[in-house]
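Subject: Structure handover

Hi,

Here is the structure I promised to pass on. Please open it first, then read my notes below.

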Amino acid sequence: MVNKKTVCAVLCALLTASAAGCVADNATGQTADSGMAVNSSVENVQIIDLEEAKSIALEHSGLSENDVVFVETKLERDNGRDEYDIEFTSNNVKYEYEIDAGSGNVLGFSSESISESRGDAGNSLSGDGSQQLTLDEAKAVALEHAGFAADQVVFTKSELDYDDGAAEYEIEFKANGLEYEYKINASTGKIIEFDIDD
C-alpha cells in the first residue's frame with residue numbers, strides 16, 4: 001500500500017517544479033507548458049514601422065512596389081496587439097493584409113478581383129477615368145501642408161475611399177504630440193478638409 005505522506009510529498013514536489021517552470025517562462029516571455037501564453041513586459045515591445053510592414057506584405061504577395069497602388073495603410077490595436085492593415089491593388093486584384101506590428105508575422109491575408117465599374121484602381125484611375133494620385137503623392141500633399149517631412153511623423157491611417165462616387169484619400173498622422181487628419185481629392189490633389197487635434 002502506498003503511503004499517503006509519500007504521495008503528498010511527490011505531488012508537492014511536482015507542483016513546486018511546475019510553478020518554478022511558470023516563473024522561468026514568465027521571465028522569458030515564452031509559453032508555459034500548460035498552454036497559456038505568458039505576456040512579457042508590454043512597455044518594452046518594439047514595433048516595426050509602416051515601410052517594413054508594406055515590404056512584408058509585398059514579399060508575401062510576390063509583387064514589387066512598382067506593381068501596386070496602396071489604397072490603405074494603417075496601424076491599429078486589435079485584441080490587445082498592434083497590427084498594420086495593408087491594402088493594395090494590382091492588375092484588377094485587391095490584396096488585404098494584417099501584419100503583426102511586433103513580430104512582422106502575416107496574421108491574415110486575402111485577395112479578390114475588383115470591379116471595373118469603380119475604375120481600375122490597379123492603374124490609378126478614378127471613377128471618371130482621369131489620372132489619380134498615388135497614396136505616396138497624397139501623403140506628400142498632407143505633409144507639405146502641415147510642414148513636416150515623412151521621417152518626422154508617424155502615419156496612423158492612409159486609405160483610398162469613395163465619397164458620393166468621388167475618390168479621396170484619408171491621411172492621418174501624429175507629430176509633436178498632435179494628430180493631423182486630411183481628406184485629399186484623389187483626382188486633383190486638393191485638400192478637401194483637414195483637422196488638427198491634441
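Let me start with the surface. The accessible surface of the protein chain comes to about 12,100 Å². Carbon and sulfur atoms account for 49% of that area. Of the chain's 198 residues, 32% count as buried.

Keep in mind that this is a predicted model. The mean pLDDT of the protein chain is 75. A value of 70 or more is reached by 69% of the residues. Two stretches need care. Over residues 14-43, pLDDT stays under 50. The model has 13 contacts there beyond four places in sequence. Residues 116-129 also have pLDDT below 50. That stretch has 26 contacts beyond near neighbours in sequence. Where pLDDT is low, the predicted coordinates should not be read in detail.

Next, the overall layout. The protein chain has three helices and eight strands. From the N terminus on, the order is α-α-β-β-β-β-α-β-β-β-β. Take the contacts between residues at least 6 apart in sequence: 37% of them join residues at least 24 apart.

Now the core. In soluble globular proteins, nonpolar side chains tend to be buried together. Here, the largest nonpolar core has 33 residues. Which of them touch the most other members? They are Tyr-84, Ile-86, Phe-88, Ile-99, Tyr-169, Ile-171 and Phe-173. Several elements supply at least two core residues each, including helices α2 (50-61) and α3 (135-146). The largest share, five residues, comes from β6.

Look at Ile-171 in more detail. Leaving aside neighbours within four places in sequence, Ile-171 is in contact with several residues, among them Leu-135, Ala-138, Ala-142, Phe-155, Tyr-180, Tyr-182 and Ile-184. Lys-157 is also one of its contacts.

That lysine deserves a look of its own. Lys-157 is found in strand β5. Is Lys-157 buried or exposed? Lys-157 counts as buried because its relative accessibility is 17%, and the cut-off for buried is under 20%. The side chains of Lys-157 and Glu-170 are joined by a polar contact of 2.9 Å. Beyond four places in sequence, Lys-157 is in contact with Thr-73, Lys-74, Glu-170, Ile-171 and Glu-172.

Best wishes

Notes. Residues are numbered from 1 along each chain as its sequence is written. This is a predicted model: local features need pLDDT of at least 70, side-chain atom pairs count only at pLDDT 80 or more; totals for chains, interfaces and linings use all residues. Side-chain values use heavy atoms; hydrogens and water are left out. pLDDT is the predictor's confidence in each residue, from 0 to 100. Contact means heavy atoms within 4.5 Å. A nonpolar core is a set of buried Ala, Val, Leu, Ile, Met, Phe, Trp, Tyr and Cys residues joined through side-chain atoms within 4.5 Å. Buried means under 20% relative accessible area, exposed over 50%, partly exposed in between (1.4 Å probe, protein chains only). Helices (H or I, at least four residues) and strands (E, at least two) are DSSP runs, numbered from the N terminus. A polar contact is a pair of N or O atoms within 3.5 Å; within protein, one must be able to donate a hydrogen and the other to accept it, and residues adjacent in sequence count only if both atoms are side-chain atoms. Accessible areas come from the Shrake-Rupley method with a 1.4 Å probe; for residues, only the protein chains shown count as cover.
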